[in-house]
Amino acid sequence: MKVSAQNLHAFCVEALIQVGVSQADARTTADVLVTTDTWGTFTHGTKALRAYVRRLRGGGLRKNGRPKVVSEGPAWALVDGDSSLGMVSSEFAMQTALAKAAAVGIAFVGLRNNCHYGAAGYYASMAIEKDMIGISMANDIPTVNAPGARGSVLGSNPFGFAAPAGKEKPILLDMATSTVAGGKVFAAAALGKTIPGDWLLDANAKPTTDPTLFSHAGSLTPLGGYKGYGIAFLIEVLSAILTGAAIRWQVSSWTFSDPSKPTGHGAAFIALHIASFMPVEQFKERIDRAIREIHAAEKADGAGRIYLPGEMEWERREKALVEGIDLPEDVSASLRGLAEDLNLDLNRILR
Ligand SMILES: NC(=O)c1ccc[n+]([C@@H]2O[C@H](COP(=O)([O-])OP(=O)(O)OC[C@H]3O[C@@H](n4cnc5c(N)ncnc54)[C@H](O)[C@@H]3O)[C@@H](O)[C@H]2O)c1
């Protein structure tokens, strides 16, 4: 299904308003989800909206929830998300971090009582236009194995990092701390495909290519073995243990659990104000130089080019904004289901 970003955005806003979300919060949520789709990160874009709407109707996500700062200092804050949409409370928390960093150079904002926040990179990327460096991370229900364990011990706790560049594209690292995001395994299962042998372990901690085992009888492998597991634990500390959010199995699944209950996710956001460290132009010249040097590095046999983190996503976005977004079948099926749930006309977004 090919759609324009504008029409897809309008559809998301309409769906959210129909279940009682304010125009402003609906727009914020649509901004996050549609931007994610333009990056080609379809596992965490508008595909998720149907489950968020189910939770809004159930009451576990509060349609009128208002995130608020519950304690703060000049360079830090703790935000309670009030079980509002994860995009709404996370955008608020990152804006809080950016405002504080602009005043004092660096800021850390923790968020509790959040829900699933989608693509970590979106909140990190909010720093780019303000000439800041952004970092975002979140915990989730355990779906990832630890070396030596049978089953899952931590979430695929995502991490986002963004830094502005001058003439080159901004850096945007947006990743799960599992080998791949669980959404990719669900997508393979929905499309009837097998998966590479290093993505998933079965209930006996043996590698499997069968995506249908996930997540009831399969655990994602941690990114790079014990190193990804260690980073996932760091994210658990900063986004959940430190913030008072739900930890590990206390988190409820945003897709499968009782939609009348909050999920309890945590998140953390960091902003660094570049001008406090050096003139912004100097930083941009320096990062451009590093990017160009990497682009010019000697290529392996058969390799066409070397990419920087986020480069593929920015190129996909440029194309999507001109030609429309080519939504994969699992995403269009989810949007069709949402349209049916709410009695909306999905055909309008195809114009
Ligand atoms: N909210 C949650 O609980 C949650 C949990 C896990 C993941 N996620 C999200 O899932 C999405 C997908 O995660 P993923 O780990 O599967 O992503 P991925 O493996 O597709 O990409 C990870 C990063 O690697 C970069 N990259 C990819 N190929 C590259 C190459 N050849 N050279 C240089 N850089 C390259 C990309 O630009 C991207 O920044 C992300 O948006 C992540 O935030 C969210």
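This is a predicted model: local features need pLDDT of at least 70, side-chain atom pairs count only at pLDDT 80 or more; totals for chains, interfaces and linings use all residues.

Colleague: Fine. Which residues come nearest to the ligand?

Modeller: Ala119, Ala120, Pro158, Ala176 and Ala181 come nearest, out of 27 residues around the ligand.

Colleague: And how does that shell split by class?

Modeller: There are 14 nonpolar residues, nine polar and four charged.

Colleague: Which elements each supply at least two residues of the shell?

Modeller: α5 (120–125), β7 (171–175) and α10 (311–323) each do. β7 gives the most, with four residues.

Colleague: On to the core. Which residues of the largest nonpolar core touch the most other members?

Modeller: Cys12, Ala93, Ala97, Met137, Phe269 and Ala271 do, in a core of 90 residues. Helix α4, residues 86–104, gives the most to this core, with eight residues.

Colleague: What does alanine 271 touch, leaving out residues up to four places away in sequence?

Modeller: Ala97, Leu98, Ala101, Ala107, Ala127, Met132 and Gly134. There is also a second, separate core of five residues. Ile141, Ala240, Ala245 and Val251 are among them.

Colleague: What about α3? Which residues are buried there?

Modeller: In α3, residues 49–58, the buried ones are Leu49, Arg50, Tyr52, Val53, Arg55 and Leu56. Their cover includes α1 (5–18), α2 (23–38) and α11 (329–342).

Colleague: And what comes just after α3?

Modeller: Glycine 59, with a positive phi of about 100°.

Colleague: Strands next. How many residues of β2 are buried?

Modeller: Zero of its six residues, 68–73, so to speak plainly, β2 is hardly covered.

Colleague: What does β2 pair with, and which way do they run?

Modeller: β2 is joined to β3, residues 76–80, by five bridges, and the two run antiparallel. A hairpin of two residues links them. Glycine 73 stands opposite tryptophan 76 in β3.

Colleague: There's a sheet of three strands too. What is the order?

Modeller: β9-β8-β10, an open sheet with antiparallel pairing. β9 (207–208) and β10 (218–220) stand at the edges with a single partner strand each, so one side of each has no neighbour in the sheet.

Colleague: How many bridges hold β8 to β9?

Modeller: Two, in the antiparallel sense, with β8 covering residues 200–202. Leucine 200 has threonine 208 in β9 as its bridge partner.

Colleague: What is the phi of alanine 205?

Modeller: Positive, about 65°, although alanine 205 is not a glycine. Its place is in the loop between β8 and β9. Alanine 205 is partly exposed, with 15 other C-beta atoms within 10 Å.

Colleague: And aspartate 131, what is its phi?

Modeller: Also positive, about 55°, and again this is not a glycine. Aspartate 131 lies in the loop between α5 and β5 (132–138). Aspartate 131 has 16 C-beta neighbours inside 10 Å, so it counts as partly exposed.

Colleague: Last one. Glycine 302: buried or exposed?

Modeller: Exposed, because glycine 302 has 5 C-beta neighbours inside 10 Å. Glycine 302 lies in the loop between α9 (280–295) and α10.

Colleague: How far apart are glycine 302 and alanine 30?

Modeller: They are 40 Å apart in space, C-alpha to C-alpha, and 272 residues apart in sequence.

Notes:
Residues are numbered from 1 along each chain as its sequence is written. A residue is near a molecule or strand if its C-beta atom, placed from the backbone, lies within 6 Å of it. Ala, Val, Leu, Ile, Met, Phe, Trp, Tyr, Cys and Pro count as nonpolar, Asp, Glu, Lys and Arg as charged, and the others, Gly among them, as polar. A nonpolar core is a set of buried Ala, Val, Leu, Ile, Met, Phe, Trp, Tyr and Cys residues joined through C-beta atoms within 7 Å. A residue is buried if 20 or more other C-beta atoms lie within 10 Å of its own, exposed if 12 or fewer, and partly exposed in between; C-beta atoms are placed from the backbone. Two residues are in contact if their C-beta atoms, placed from the backbone, lie within 7 Å. Two strands pair if DSSP finds at least two bridges between them.
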